[in-house]
Amino acid sequence: MARIGVFICHCGENISATVDVMKVAAEAAKIPGVAHSVEYKYMCSDPGQQLVKNAIREKGLTGVVVAACSPRMHEPTFRRACAEAGLNPFLCEMANIREHCSWVHEKGDATTDKAIDIVRTLVAKVKKNKALQPIKVPVTKVAMVIGGGIAGIQASLDIANAGHQVILVEKEPSIGGHMSQLSETFPTLDCSQCILTPRMVEVAQHLNITLFSYAELESLDGFIGNFKARIRKKARSLDEKLCTGCGLCTQKCPSRRIPSEFDAGLGLRPAIYVPFPQAVPNKPVIDREHCTYYRTGKCRLCEKVCPTQAIRFDQQDEIVEADVGAVVLATGFDIKHGDFFPEYGYGKYRDVIDGLQFERLASASGPTLGEIRRPSDGRVPETVVFVACAGSRDPAKGIEYCSKICCMYTAKHAMLYKHKVHHGKPYVFYMDIRAGGKMYEEFVRRAMEEDGVQYVRGRVSRIFERGGKLVVKGVDTLLAARPLEIEADLVVLATAGIAQPGAEELAQKLHVSYDAHKFYAEAHPKLRPVETNTAGIFLAGACQAPKDIPESVAQASGAAAKVAALFSQSELVREPLIAVVDRQAPPVYSSCVGCFLCQSACPYQAIEKEEIRGRDGQLLKTVAKVNPGLCQGCGTCVAFCRTKSIDIQGFSHEQVHAEVLALLNRGERDA
Amino acid sequence: MPDFEPKIVAFVCNWCTYAGADLTGTSRMKYSPQVAIIRFPCTGRIDFMLLLKAFASGADGIIVSGCHPNDCHYSSGNFHARRRWIVFRGLLDFLGIDVRRVQFSWVSAAEGAKWAQLVNETAEHIRGLGPFTGYQRLRGLGVE
Amino acid sequence: MSALQEKARELLASAAVQVVIGYGRGSGGAARAVFIREATKAGDLVFDGTCLQNLAVYLMKPEVRKLGKAALVVRPATLRTILQLAAENQIAENSLLALVPSAEEIVLLATFAAIEAHVAALDSDLSTAEKAELQRFTALGLDERRRFWEEQFSRCLKCYACRAACPLCYCTRCTVECNQPQWIPVPAHDLGNLEWNVMRAMHLAGRCVNCGDCSRACPVGIPLYLLNQKLVSDVFTGFNSRSGISARSDNALSTFKPNDPEDFIR
């Protein structure tokens, strides 16, 4: 038999001014199963809590209802008090007679009656409450960071510096990402490599970081604190331990006319190569597609010149397995290429280039050693047109969003050009200038006012070649919408920032959600910007949406802080308010029939298949099982399950059913 | 039925509407006392069977409310709920059960005023429809 | 020997299957399900316009499963049931053969992909007559609809023949049998009857393939098909989703689109 204690709070006069608390206490005492019913001025005060604790001990209460304020206010307080008195905290419920009653209704019988109804409802619920134990999940204190751009580097260093092991997985031969390709960075114009490469070296030397470069995630299983990662180390075709990075092989390689990915196709590289001189690790990789030996079976020159005999032509990809407790996704972005802009002649005219290509032209380590020379004939361009929003904010092209970084880098490009070619004439076509950020607006102003960059508000309709010049046809919408034609020597398109190719495939491996543009989805757009909906997997940088370096770094540190918080305990303790699939005695085992239609209803991929086997290993039944590490307790599966095989602790079928009946049946059906 | 005061049950999610109704309280906005709230973690948790149980137990009206689309604490529970209500509502209507007695709504944690207005208008509306004797009769209570 | 009988004989003789589930003649000449386990009995099989039952219902019975691999004589709705059961992880690939009787020859479908292809060529939409009836019913006034169903459900005996006939009502414990809490009152009174039928319809939403066996099974002739067709129609018009056309599909009610209609939500 239930022995429920009801504790009615006056909340000073906040409740008692409109609710007759004496009557509520008297009526509550009449509810079957209520063994104790009292009112008190301030139930949350120390003496008030003491009332609850004493009653639990003295009256042997099996459940507690505190009729007071919102559970969002004091539920933890009273649950703690119950626990201190030896009652399982989940046997305590709050009846909200303040926010939902005394504060919103006038003084009178109706208000008091409603308070009684609320109390009766919660008494009915608490009778069906069960003692619950917190869920403990062990945590493997190793983080895996996927992507070695600035976001991944920052996250790795922060987690490693917090004293935890990090596995950094980078698909390219070197870490560094897009930031390593940049010349200078806005708004300070400090050299990108100069601020980045020390961080890269730090990653390489950090005792807590294991770097897998030229590697990709093969699969990820498990759940928060307990993931199992399989990483494919692609064959570099050399023994990394033996290689000293002397560079002899790359100098001697006879296949030297391969477009360099690092130089965005503007420079050339050999078939055995290091992407750029400051690469980490500074070990070459053989590009088997272009290597003469792999193509013809002859050459092996690199092998001959290698002083440490490190070349391994027969090397295979290797799969490495790792147990990790958390994952940071920092796979970055790409920019729109190809025939997306037929009207701009991108891909057709060599002197119509994209922003990354301009970065390489402006970079001191680039193919022109930092001189702005156009790709077609190497001449210094006298007039350069920069086109912002090339693809972005263009619903007709399917990219509605703003790529966010282009306004700033276009201003930077125009400025760098002007600094290098003093007599040059830079124009910028733009839709709006979005320069929100510390020192950003000032930076754009400087480009306009000090460096004389001509900003034209309007869109470019077409670019075509005429007499060795690129004719840019556009419109200046600010000066009486006059059509404009500029004869340019070089055109730089700020093409839209897009998700990495393969972003979708990776998301599916990790079971994280993504948006229509394949950018990874944060768990909450405002309040959980670095988490994904999959517990234990976090986001950093432009894989979530286009963002600049400071933002990427900030988010990376945020993700690292989340990981460090997760790793601060050896066990993850969670409230047990989660879904559970029933288990019954043989031969039923569970009322679940294993239709698994609930799987797609779960926002957290928490529903797994469990095979129930007999002693001889024979498969008896396959039923659903909720992973307690992943379930967040929304209960969507519970309401969906036809057989009522899934229930949710704290809001169980019996609890909510009892509430509905009690609320509407004054004096009836109380058992 | 001049004295008829409807019984209204509100099924709300913990994160948006429950908190919104708390805000109504902290803002001291007044509304009709005819509604009582039952708290759920998410609208996704609200079983259509409970709505039937509420009517069977004498509710004259029902409010179901949760987070606005894209604001769900669990990201998509409200979207699942919305589909469930689309189908359930259509079925009730088909069976001749007056769906005007079930008010679906999104009330965020910031919409204390919307909650008060929703309750008042729903109460007024249900008052106009009268007691749900058509349904209550089914359980043989002889309300008519 | 008909082509169907010949095919059944051949499958049993070669041990390609252990049982052929088809139609035979029962008492009074009515079509009834037969379970042919010997090649010599293949002659008992018939197929004509009276053979309406959705035989997929037997695929879910443990005692039938124990017989071994089955060949099933199918109607279009049976094929869709097989796909829906597959989508619900109830039957495995290669666990059965579907025999599609036709005038010329028997089409044998051995894989889900083959069944999917066969179903894709059929019209899985409600028929024009079915749509017209739904339309007519929906056009009635609210009170007329209520009175109609009250009268219909007042005759319900809670015998659960609808459930027994339904190949998708395969749950081992139906919610109607839950008593903690008691979701549906046990006696057959008006309220319990309504709740039972609403619940069954909701549980079939996005799953029912409109085979019509529930209505045919109902001893008091409640037009249950109307409820199911209403939901088939709503699920298709609302979510562009149709059950039983793929062996790998999510349920309409456990998925969503961010832009699902919400004109009824304020």
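**Entry 1: domains of chain A**

I began with a distance: the C-alpha centres of domain 1 of chain A and domain 3 of chain A lie 67 Å apart. I kept in mind that this is a predicted model. Next I looked up where the domains run in chain A. The assignment puts domain 1 at 4-132 and domain 3 at 333-498. Domain 2 is given as 142-331 + 540-566, and domain 4 as 579-649.

**Entry 2: where chain A meets chain B**

I then turned to the two chains and their contact. On chain A I found 36 residues in contact with 34 residues of chain B. Which helices of chain A each supply at least two residues of the side that touches chain B? I noted helix 4 (98-102), helix 5 (109-128), helix 16 (636-640) and helix 17 (653-664). Helix 17 of chain A gives the largest share of that side, with 7 residues. I also sorted the residues of this side of chain A by type: 17 are nonpolar, 12 polar and 7 charged.

**Entry 3: a helix pair in chain C**

My last stop was chain C. Here helix 6 (residues 142-154) packs with helix 8 (residues 190-204), their axes 9 Å apart and at an angle of about 100°. Angles of 65 to 115 degrees count as roughly perpendicular, so helix 6 of chain C and helix 8 of chain C are roughly perpendicular to each other. From helix 6 of chain C, the contact uses Glu150(C), Phe153(C) and Ser154(C). Helix 8 of chain C brings Asp190(C), Asn193(C), Leu194(C) and Asn197(C). I sorted the residues of this contact between helix 6 and helix 8 of chain C too, and they come to 2 nonpolar, 3 polar and 2 charged.

Methods:
Residues are numbered from 1 along each chain as its sequence is written. Chains are lettered from A and ligands numbered from 1 in the order in which they are written. This is a predicted model: local features need pLDDT of at least 70, side-chain atom pairs count only at pLDDT 80 or more; totals for chains, interfaces and linings use all residues. Two residues are in contact if their C-beta atoms, placed from the backbone, lie within 7 Å. Helices (H or I, at least four residues) and strands (E, at least two) are DSSP runs, numbered from the N terminus. Ala, Val, Leu, Ile, Met, Phe, Trp, Tyr, Cys and Pro count as nonpolar, Asp, Glu, Lys and Arg as charged, and the others, Gly among them, as polar. Axes are lines fitted to C-alpha atoms, for helices over the stretch in contact, and angles run from 0 to 180 degrees between N-to-C directions. Angles under 35 degrees count as roughly parallel, over 145 as roughly antiparallel, 65 to 115 as roughly perpendicular and the rest as oblique. Domain bounds come from an automatic or database domain assignment.
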